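Student: I have a structure here that I have never looked at before. Could you walk me through it?

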Amino acid sequence: MDIMTGRVYEEGFQPSLQEFKNHLRITSDDLDAVLEPCLLAAISSAEHHIGKDIALSLYTITGNFRHTVNFNSYVMKVELLTVDGKQIDKSYFKLANNALSISPEIEGAEMAITYKAGMNQVPPDIKAAILLTAAKLFNNPVDSVEVLPSVAKNLLAPHRSWELNRNGE
């Protein structure tokens, strides 16, 4: 079983904090510390709903070695692959159709993969759904938000994957 050991948002991920502030018509930086968690939570909710990564991010996963690893996201690039702590040269693995294939010459017990996933350009309907959800979180901080707002769900529906996500849900 693979373990997700970290996610780091890349600079320039969308929608940005500035786009969210523009959406709310906020011009100062005074509320950034409150707005950013709302935005990240909305991105996470949208990603969970559609079953794919949206915000450009670096991930690291670790687990038992295998020659094929299937990703449930828009994987753009494998940054680093290590097997039993040794870095594997890029000529020994290939990423195609969100699956990483490792040469049969490579063997080991444990592996770690650092990869970049997400969308270079977030479609306008996904961006709108995220901004609407983030605004709802910001405007109703004590409200029990059990589901995405209806309009956000409708905007995300065409992008939803019916495959199992990383957590098997």
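Student: What does the chain average in pLDDT?

Tutor: The average is 87, and 88% of the residues score at least 70, where pLDDT is the predictor's confidence in each residue, from 0 to 100.

Student: Where does pLDDT stay under 50?

Tutor: That happens over residues 164-169, for which the model has twelve contacts beyond four places in sequence, a contact being heavy atoms within 4.5 Å. Where pLDDT is low, the predicted coordinates should not be read in detail.

Student: Ok, new topic: how many helices and strands are there?

Tutor: The chain has four helices and eight strands, which are DSSP runs numbered from the N terminus (helices H or I, at least four residues; strands E, at least two). From the N terminus on, the order of elements is β-α-α-β-β-β-β-β-β-β-α-α.

Student: At what angle do H2 and H3 cross?

Tutor: Helix H2 (residues 32-50) and helix H3 (residues 124-139) cross at roughly 130 degrees, and their axes come within 8 Å; axes are lines fitted to C-alpha atoms, for helices over the stretch in contact, and angles run from 0 to 180 degrees between N-to-C directions. H2 and H3 are therefore oblique to each other, since angles under 35 degrees count as roughly parallel, over 145 as roughly antiparallel, 65 to 115 as roughly perpendicular and the rest as oblique.

Student: And which residues meet there?

Tutor: From H2 they include Val34, Leu35 and Cys38, and from H3 they include Ile126, Ile130 and Thr133. The residues of this contact divide into 14 nonpolar, one polar and no charged, where Ala, Val, Leu, Ile, Met, Phe, Trp, Tyr, Cys and Pro count as nonpolar, Asp, Glu, Lys and Arg as charged, and the others, Gly among them, as polar.

Student: How does H1 pack with H3, then?

Tutor: Helix H1 (residues 17-24) and H3 pack at an angle of about 70 degrees with their axes 10 Å apart, and that makes H1 roughly perpendicular to H3. Glu19, Phe20, His23 and Leu24 are the H1 residues in this contact, which divides into seven nonpolar, two polar and two charged residues.

Key. Residues are numbered from 1 along each chain as its sequence is written. This is a predicted model: local features need pLDDT of at least 70, side-chain atom pairs count only at pLDDT 80 or more; totals for chains, interfaces and linings use all residues. Side-chain values use heavy atoms; hydrogens and water are left out.
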